[in-house]
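Look at the structure first, then read the sections in order.

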Amino acid sequence: MSKQSMREEAERLIRETMEKKNIVIKQGNTRIEAICGKCGAPNRVQAAKGEVRVKFVCKQCGHKQETL
Ligand SMILES: [Zn+2]
């Protein structure tokens, strides 16, 4: 492999990594650690960016609720 093609390969990898990062930022999903109001079990809840109140069902007792 020549120096030229090696440099191109490295640049391509960097570009791909940057693009992947951009996709992650665009999705902007955050994980909220929500405590169940009924049994107190911690629940991981996926939330869209800027969303505060997310409906979820407690994995422990099945209680339907919203994150605070
Ligand atoms: Zn619960």
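## Burial and surface

Of the 68 residues in the chain, 18% are buried; buried means under 20% relative accessible area, exposed over 50%, and partly exposed in between, with a 1.4 Å probe and protein chains only. The model is predicted, so local features need pLDDT of at least 70 and side-chain atom pairs count only at pLDDT 80 or more, while totals for chains, interfaces and linings use all residues. Residues are numbered from 1 along each chain as its sequence is written, and side-chain values use heavy atoms, with hydrogens and water left out.

The chain exposes about 5900 Å², and 55% of this comes from carbon and sulfur atoms. Such areas come from the Shrake-Rupley method with a 1.4 Å probe; for residues, only the protein chains shown count as cover.

## Fold

The chain has one helix and four strands, in the order α-β-β-β-β along the sequence. Helices (H or I, at least four residues) and strands (E, at least two) are DSSP runs, numbered from the N terminus.

## Zinc site

The zinc ion has four protein donors, Cys36 (SG), Cys39 (SG), Cys58 (SG) and Cys61 (SG), at 2.2 to 2.4 Å. Donors are N, O and S atoms within 2.8 Å of the metal (3.2 Å for Na, K and Ca); water is not among the atoms, so sites may look incomplete. Along the chain their spacing is C-x2-C-x18-C-x2-C. Cys36 lies in the loop between β1 (30-35) and β2 (42-47), and Cys61 in the loop between β3 (55-57) and β4 (64-66), so the pair ties together parts 25 residues apart in sequence.

Cys36 is buried, at 4% relative accessible area, whereas Cys61 is partly exposed, at 36%.
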